[in-house]
Amino acid sequence: MTRAYNVEFKVRTNGKGTYEITQKIQEIVRQSQISSGLATIFIQHTSASLIIFENADPSARADLEAFFERLIPEETDYFTHTAEGSDDMPSHLRMTLTRTSESIPIVNGRLSLGIWQGVFVYEHRRHSHSRSIAVSIIGEVQ
Amino acid sequence: MTRAYNVEFKVRTNGKGTYEITQKIQEIVRQSQISSGLATIFIQHTSASLIIFENADPSARADLEAFFERLIPEETDYFTHTAEGSDDMPSHLRMTLTRTSESIPIVNGRLSLGIWQGVFVYEHRRHSHSRSIAVSIIGEVQ
Amino acid sequence: MTRAYNVEFKVRTNGKGTYEITQKIQEIVRQSQISSGLATIFIQHTSASLIIFENADPSARADLEAFFERLIPEETDYFTHTAEGSDDMPSHLRMTLTRTSESIPIVNGRLSLGIWQGVFVYEHRRHSHSRSIAVSIIGEVQ
């Protein structure tokens, strides 16, 4: 028998950077009782995004941050969308270059992630935010 | 009871830029009668893409366009794939850096988008095109 | 009747570049016997990714490679995550700027791809690797 299961939750962020939510998603998959199917994680914002990234060595996440600061600097002179602060337009571009949703197969009741893969909220604003995440799980219950 | 619902539609574009399709997708979700599940929007092209982006202030979309014109200029001297015009290879790269599909949870019969989120076709070619979008909706009918 | 179908397979890569897997995915869709629904392809790695790209002219894929070599050079001096070689941190960034999963609607028992679209594993490391791909297919069996 197949079913659809939806949950929303919040993640508190404290400035630019990555916040791991892998365990929270695994827990939602377990609660859904779906053993075979698909989990989709969706962030309801345009100034934060999602990534699946190396979760072992924090230096990789520091370099990711350094790369995006150089690719899209806050002080970019041709930006016109600047009313909400110098970190706002870069946040929309960083979001566009990463992902608003991630979809992960579920096998034997668990996310079929690779050994080094973690799911992260990627916050692009400097101030603290409460970010809303919607999770959709569809598949077969055993 | 779960079901799968598929629809295709066309979007007319008139040059580089973003074309909002949020209302069209909401309408398809309503027609599907699926109240809980997942909507996936897929663009069947390699020189146009999809983004979920800030839909309130058009200046953010103008800056997005300006950013991509600088990141991947048409006159890039090392491109070899140039037979179809100077906007062709940049279109494939812009598409690769954005998204071919977007997946959005459906809750209570509606897309669970955040308040500022819109779904856009992102056209990367200079001339007019008719772009094909395939939508897949899966979930529970009430 | 709806069902969920999961398969994993391996792809052998031999250095940086793109490896087409479209026919393999079409074959899995056929085996699933699902005629209407959604196929999600997921790569279980953080130094390789997936793209849907122009599959007719190899010069477009050569230019893609040249673009990423310039956007994220191996010899970038501010990278700190360098213990696994100079191609490691660029591989995480290339992966983040492309996709870990691709979702494609299934219509009449086939992927509803556009005429020029192919699904590719995008390898970002210099050495040979065996890459694991998880496929989730959900939808209606006729």
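Which residue forms a salt bridge with C:R125? C:D88 does, with the closest N and O atoms 2.9 Å apart; a salt bridge here is a side-chain nitrogen of Lys or Arg within 4 Å of a carboxyl oxygen of Asp or Glu. Both C:R125 and C:D88 are buried, meaning under 20% relative accessible area, with exposed over 50% and partly exposed in between (1.4 Å probe, protein chains only).

A word on the model: it is predicted, so local features need pLDDT of at least 70 and side-chain atom pairs pLDDT 80 or more, while totals for chains, interfaces and linings use all residues. Residues are numbered from 1 along each chain, chains are lettered from A in the order written, and side-chain values use heavy atoms, without hydrogens or water.

| Pair | Closest N and O atoms |
|---|---|
| A:D88 and A:R125 | 2.9 Å |
| C:R94 and C:E69 | 2.8 Å |
| C:R125 and C:D88 | 2.9 Å |

C:R94 counts as buried at 1% relative accessibility, while C:E69 is partly exposed at 29%. Over in chain A, A:D88 is buried at 1% and A:R125 at 11%. A:D88 and A:R125 also belong to a salt-bridge network whose members include A:K16, A:E65 and A:R94.

Now for the interface. Chain A puts 35 residues into the contact and chain C 33, contact being heavy atoms within 4.5 Å. About 2600 Å² is buried between chain A and chain C, 61% of it from carbon and sulfur atoms; that is the accessible area (1.4 Å probe) that two parts lose on being put together, summed over both. Salt bridges between chain A and chain C number zero.
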